[in-house]
Amino acid sequence: MQLIGVYFVSAMKNSLISNFTKDLESRAELLSVLVAQNLGGTTAGSGAGTADESLDNLRVLANNLFNINGAEIQVLDASGKVLTTSKPSHADYVGRKNTQTVVSRALQGISDNEEYIIDDDDIRKKVVAKPVLSGGKIVGAIYIAASMSDLYSTMERINSIFISGLLIALVLTAILGVILAHTITSPIKELTKRATAVAEGSFNQVMPVLGSDEIGQLSHAFNYMTSRLRDALAQNEEEKEKLASILTNMSDGVIATDEAGKIILMNRRAAAMLQLEHDANGRDIVEVLGLPSAQHEDLLQGTLPPALLETGGQADEPSLVRVTFTPIHRREIGIIGTIAVLQDVTEQEKLDQARREFVANVSHELRTPLTTIKSYTEALEDGALEHPELGPRFVSVIQNQTERMIRLVTDLLHLSRLDSKEASLRKQRTELQDLLEDVEDRFSFQMQQKGITSRIQLDGELAPVWMDRDQIDQVLDNLASNAIKYTPEGGMITLGAEKTQDGMVKISVEDNGIGIPKKDLSRIFERFYRVDKARSRNMGGTGLGLSIAREIVLAHGGTIELSSELTKGTKVTFTLPQGPEEGGEET
């Protein structure tokens, strides 16, 4: 409205001034024609009467022809002297020259003469001057000075109207603005409050949709955003729980660090491996793992090689932990952290050590008889075969060593079949008393030679047991053979059987021989392990008897254990299930 008002007032002012000026010019033009008739007579040299009549006519024209409020009309002669004026207060101007520029220009024959003046009373006036022509000559001029007070009063009223309208419009605009702003800002404030609640973690916020306008579309978009955000966070929490469960239940330890090598995450398995009782977050991983401080720079650069750590294990046995370091890369940034995976390789190292020992033991066990056979064979080739005493003795030694190697290879093949589950069990109902009596009969001759007595102890009436008779016979033969070997003359061997509370059958072989030192009890069932290596080898043992016995008992679903006290005797006990089990053949 301000712009329209300025334009309108300016256009109105220009239009009013233009019309006012044109009106003055038209009147001045008409007056100049009428005045020309009277001035023509006065200038032609007529008589005094005629001149006075002309002046009277000029006065009448100036005073009565055009009644313009606040205007002054002057009739000038060719020299610029005022002949008459319509304004009585300027009667003294008559006979005096009007020296204004517009008058001078009109007397020179220029028709377009106008200007603005401000008189002594501070009244703005429009001045128009027209030449008076008679017979082609300039005989005078018409001078009109009209006040523009009414025109500017009109303009002031128009300005007042526009200002009033503008003020009314501003008031209405303010009122409507407040109302409209409230209708807009109220939903926005509500949306801001709910967005703040979402930012603080309350994702169940729902914004009411009150329409289909921009605010309604924004509310709908907010509800859709919160729904997607809620779903995304729920999925993120689910993935986080899965990851935490995986990390917690992993058999390997996991440690995560930041770009400075400080621990930011450690699962329970890693803490257990490193035997950390307190939270290690924030500590340097190099310090926690006990690595040399010089390797800290390698960790930051992602070039730290895998390490094998030794930590305190159970029963003061050290545990071996292999640590593998993997750097975490982020595009355009570089290494932002490290993941360390800890694997307990104690059992693996034990298995590797056992494998190495097994190979060494087999090699040693085979090398001794082979070396003996080679030596005696060379002696026979050198002529000992022809010697009546040495020949048969050397051949007997070669035969014994060959049988020893055959026993060793047979035991190894048996163990291999047991390890690979290739040896199927042919179970049958077996009376325990018959089983133990057969063992006693098989070794009666050897026990008589050493003066060893034997006895069988049965705990009441025992039901028959399902077992592979041949396999269990081998177990009992190994145990009885060991008992006879390590029991001095006059000793006692007891074969016993009883039923346990859990429905198993316990069979035992007990002697009162030399016994086994306590330090050797934990390894007694290992393959090729001998308490007295030289003595055991001389007695013809392969060192695999107890290992084979354990594998056979385990294949039956039982357990085996050995208790002994040095110089007081040894007792080996194994258990077997009472009834048949799946996986074995029954006959």
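Phenylalanine 8 is partly exposed, with 35% relative accessible area; buried means under 20%, exposed over 50%, and partly exposed in between, with a 1.4 Å probe and protein chains only. Before I go on: this is a predicted model, where local features need pLDDT of at least 70 and side-chain atom pairs count only at pLDDT 80 or more, while totals for chains, interfaces and linings use all residues. Residues are numbered from 1 along each chain as its sequence is written, and side-chain values use heavy atoms, with hydrogens and water left out.

I start with the rings. A pair of aromatic rings is described by the distance of the centres and the angle of the planes. The rings of Phe, Tyr and Trp (its six-membered ring) pair if their centres lie within 6.5 Å; planes under 30 degrees apart are stacked, over 60 edge-to-face, and the rest tilted. How many aromatic pairs does a search of the whole structure find? The search finds two. In one of them, phenylalanine 8 and phenylalanine 162 have ring centres 5.1 Å apart and planes at 50 degrees, so this pair is tilted. Phenylalanine 8 lies in helix 1 (residues 2–43) and phenylalanine 162 in helix 4, so the pair ties together parts 154 residues apart in sequence. Helices here are DSSP runs of H or I with at least four residues, strands are runs of E with at least two, and both are numbered from the N terminus. Phenylalanine 162 is partly exposed at 26% relative accessible area.

The other pair is tyrosine 376 with phenylalanine 394: the centres are 4.6 Å apart and the planes at 85 degrees, so it is edge-to-face. Tyrosine 376 belongs to helix 9 (residues 346–381) and phenylalanine 394 to helix 10 (residues 390–419), 18 residues apart. Is phenylalanine 394 buried or exposed? At 12% relative accessibility, phenylalanine 394 counts as buried, whereas tyrosine 376 is partly exposed at 24%.

A ring is also involved in a contact with a charge. The charged end of arginine 124 sits over the ring of tyrosine 152, 4.4 Å from its centre. The criterion is NZ of Lys or CZ of Arg within 6 Å of the ring centre and within 35 degrees of the ring normal.

Five strands form an open, antiparallel sheet in the order 2-1-5-4-3, where two strands pair if DSSP finds at least two bridges between them. Strand 2 (82–85) and strand 3 (114–118) are the edges, each pairing on one side only. On average, neighbouring strands of this sheet are turned by 25 degrees against each other, direction ignored; the axes are lines fitted to C-alpha atoms, for helices over the stretch in contact, with angles from 0 to 180 degrees between N-to-C directions.

Strand 5 (residues 137–147) has nine of its eleven residues buried. Seven bridges join strand 5 to strand 1 (residues 71–77) in the antiparallel sense, with glutamine 74 opposite tyrosine 143. Strand 5 also pairs antiparallel with strand 4 (residues 124–134), over ten bridges. Valine 127 stands opposite alanine 145 there, and serine 134 has lysine 137 as its bridge partner. Two residues lie between the strands in this hairpin, and glycine 135 takes a positive phi near 65 degrees.

That leads to backbone angles elsewhere. Most residues other than glycine have a negative phi, and most peptide bonds are trans. Glutamine 275 has a positive phi of about 55 degrees. Glutamine 275 is in the loop between helix 6 (268–274) and helix 7 (285–289), and is partly exposed at 48% relative accessibility. Threonine 567 has a positive phi of about 70 degrees. Its loop runs between strand 16 (560–565) and strand 17, and threonine 567 is exposed at 62%.

In strand 17 (residues 569–577) we find threonine 573, buried at 8% relative accessibility. Which residues does threonine 573 contact, leaving aside neighbours within four places in sequence? They are Lys506, Ile507, Ser508, Thr559, Ile560 and Glu561, where contact means heavy atoms within 4.5 Å.

Last, helix 11 (residues 432–442), in which Leu432, Leu435, Leu436 and Val439 are buried. They cover an arc of only 90 degrees around the axis, which puts them on the same side of helix 11; the arc is that of the directions from the helix axis to the C-beta atoms. Among the elements that the buried residues of helix 11 pack against are strand 11 (426–430), helix 13 (469–485) and strand 15 (504–511).
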